[in-house]
Amino acid sequence: MKTKINFFTDFTIIELIITGSITAEASKINISGEGKITGNIYNAKSNLPLVNVAVTLFSASDSSMVAGTISDSSGKFYFSMLGSGRYFLEFSENGFDKHKITQLKIQDDTPKINLGEVKLTPVLQQIKKHRVKRTK
């Protein structure tokens, strides 16, 4: 007798197992608090807002990733529903130096952090022309 494999049922079971483990990991970080981290990302050279910059939030206690987002059309980004704890941020965009902000602390009495302007420095990508000296 052959056993039929029900893809939908097997997929649902796997999904429940994965979802359960993600929920368990998230509960260690507490992503249901009142904490919020906001800021605006700018080009340090032109002072123009940077769009679609990858911003990643990490837990400072074990360097695990908590959440990620991208800056909007005016360079703004935010993280919300953060529990009390210590965090750090990493900013990444092609053509710019990576930037890191450490020592962010969400507390019950100070749940909101506004970083203001975060400036990313463009990477200089200049091609130097080599001159060939001509001899007579």
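This report covers the fold, the nonpolar core and the aromatic contacts of the protein shown above.

**Overall fold**

The model is predicted. It has 1 helix and 7 strands. The chain has 136 residues, and 25% of them count as buried. The protein exposes about 10600 Å². Carbon and sulfur atoms supply 55% of that area.

**The nonpolar core**

The largest nonpolar core holds 20 residues. Within this core, I37, I41, L57, F77, L89 and F91 touch the most other members. Several strands give two or more residues each: β1 (35-43), β2 (54-59), β4 (76-82), β5 (85-92), β6 (99-106) and β7 (112-120).

Leaving out residues up to four places away in sequence, F91 touches I41, V53, A54, V55, F77, K98, H99, I101, V118 and L120. F91 has a relative accessible area of 1%. Buried means under 20%, so F91 counts as buried.

**Aromatic pairs**

The protein has 3 aromatic pairs. Two of them are set out here.

| Pair | Centre to centre | Angle between planes | Geometry |
|---|---|---|---|
| F77 and F79 | 6.4 Å | 65 degrees | edge-to-face |
| F77 and F91 | 5.5 Å | 75 degrees | edge-to-face |

Why is the pair of F77 and F91 edge-to-face? Planes over 60 degrees apart count as edge-to-face. The planes of F77 and F91 stand at 75 degrees, so the pair falls in that class.

What does this pair tie together? F77 lies in strand β4 and F91 in strand β5, so the pair links parts that are 14 residues apart in sequence.

F77, F79 and F91 form one aromatic cluster. F77 takes part in both tabulated pairs, with F79 and with F91. Is F77 buried or exposed? Its relative accessibility is 3%, so F77 is buried. F79 is buried as well.

**A charge over a ring**

One further contact involves a lysine and a tyrosine. The charged end of K36 sits over the ring of Y78. The distance from that end to the ring centre is 5.5 Å.

Methods: Residues numbered from 1 in each chain as written. Predicted model: local features only at pLDDT ≥ 70, side-chain atom pairs only at ≥ 80, totals over all residues. Heavy atoms only, no water. Helix = DSSP H or I, 4+ residues; strand = E, 2+ residues; numbered from the N terminus. Buried < 20%, exposed > 50% of the residue type's maximum accessible area, 1.4 Å probe, protein only. Areas by Shrake-Rupley, 256 points an atom, 1.4 Å probe, with all protein chains shown as cover. Core = buried A, V, L, I, M, F, W, Y, C linked by side-chain atoms within 4.5 Å. Contact = heavy atoms within 4.5 Å. Phe/Tyr/Trp six-rings, centres within 6.5 Å; stacked < 30°, edge-to-face > 60°. Lys NZ or Arg CZ within 6 Å of the ring centre and 35° of its normal.
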